[in-house]
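Welcome to this short tour of aromatic rings. Please open your viewer, show the side chains and get ready to select a few residues.

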Amino acid sequence: MPARLLVTGGAGFIGANFVHHWLARHPDDRVVVVDALTYAGNLGSLEGVRTHPGFRFVHADIREQQTIEGLLADERLDTVVHFAAESHVDRSIAGPDPFIDVNIGGTHSLLKAVRAVWLEGTGEGAECRFHHVSTDEVYGSLGPDDPPFTETTPFAPNSPYAASKAGADHLVRAYHHTYGLPTSVSNCSNNYGPYHFPEKLIPLCIVNLLLGRELPVYGDGLQVRDWLHVEDHCRGIESILDRGRSGATYNIGGNCERSNLEVVQAICHHVDHLFAGRESLGQRFPDCPAATGEPCADRITMVRDRPGHDRRYAIDAALISAELGYEPGVEFDAGLSATIGWYLEHEAWWRAVMDDSYRSWIDGWYEK
Ligand code: NAD
Ligand code: DAU
């Protein structure tokens, strides 16, 4: 029987990629997106599925419990894939309140809604699943020689963002344990790919280069992240919904540790190479250093470090591999090159999302 999904935060980066992925792979399913369209949510990211017969968009906040209950019941939804969150660590440092309200309060509100409809309403809860999309940041920071995070690594969140995601993970666990709600959680590493809001490192550097701006690297730039192409993340979530155990947590990672400086240098290298081979790019983006043959890496600027900056994340993804047969497939260099290509082809998308609130945030954030 076709599945009937509620996707929260489906107008954001990973949520939109997931909706595209899911409807391409499961064209007969119902996919209802609920999104509050904060600065990070863009309907333009869902343009490709707008006319799909199984797709519906609802402009609502996950904290509107009655609205969510109504949707779950009226649409007979059997699966929640919960992406909606405040997601940017720097913003959580500047102002933690919305992170606590949305990531903890919003997740709890959703859990109350599914409990009411699935467990106390139709009684069809056993066939349902609430999946929480979480982060590797709940595990804290690794030293250079520490083994990667496993699903049993104790939580040690260091930023208000990470603490709010850890709180949400605990609530999902408690609703499974106490009320028997069928749940799953994935803790994933850093994603990159299409529709990524240009406040995050990779899209920020791509867009800044095209506009001739500096590339801000925090501290010494030797912090390490484990990069995963967003399409691989979507496949990982799909494998959990398909075959994952109820009540389980799965780590998802890319087996791809890179320092931030390495990532920024790789972006510079790709952009230099692309512009050298296509004169038309220099005409479209005359402020990009590569348009005049200047090495893009000359624009790397070391700036003040992020307070409490986690040094290293790395994921041990042995569990999802052994239990569900899931492996990431996109090699980093190829994925990064394709991502830069996507930003070159979707200038209208990134220009549209860089509105006044974007500019006031980016311009005011870091100090040299
Ligand atoms: P994003 O910031 O790009 O998108 C978040 C979406 O949630 C936006 O569309 C926004 O409008 C929506 N939203 C925010 N508050 C809402 C509310 N109260 N009600 C309804 N919608 C609301 O985030 P993302 O990078 O796509 O991340 C999605 C999820 O994946 C988050 O839960 C994040 O913690 C998690 N995650 C992200 C990464 C990553 O690398 N980006 C890695 C691991 C986990
Ligand atoms: O690890 C998963 C997490 O990855 C997700 O849970 C978060 O939602 C997502 O935003 C991301 O968090 P990070 O803080 O790792 O991502 P960000 O792109 O903000 O930063 C990546 C690294 O680059 C980090 O070490 C900080 C650094 N950085 C970031 C920016 C924006 C810079 O050096 N300069 C920058 O301008």
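Buried means under 20% relative accessible area, exposed means over 50%, and partly exposed lies in between (1.4 Å probe, protein chains only). This is a predicted model, in which local features need pLDDT of at least 70, side-chain atom pairs count only at pLDDT 80 or more, and totals for chains, interfaces and linings use all residues. Residues are numbered from 1 along each chain as its sequence is written, chains are lettered from A and ligands numbered from 1 in the order in which they are written, and side-chain values use heavy atoms, with hydrogens and water left out.

**Stop 1.** Select tyrosine 192 and phenylalanine 332, which are both buried. Their ring centres are 5.3 Å apart and their planes meet at 75°, so this pair is edge-to-face. Rings of Phe, Tyr and Trp (its six-membered ring) pair if their centres lie within 6.5 Å; planes under 30 degrees apart count as stacked, over 60 as edge-to-face and the rest as tilted.

**Stop 2.** How many aromatic pairs does a search of the whole structure find? There are 16. For one of them, select phenylalanine 149 and tyrosine 313: this pair is tilted, with 6.4 Å centre to centre and 45° between the planes. Both residues are buried.

**Stop 3.** Next, select arginine 91, whose charged end sits over the ring of tyrosine 39, 3.6 Å from the ring centre. A charge sits over a ring if NZ of Lys or CZ of Arg is within 6 Å of the ring centre and within 35 degrees of the ring normal. Finally, select arginine 115 to find it over the face of tyrosine 179, 3.6 Å from the ring centre.
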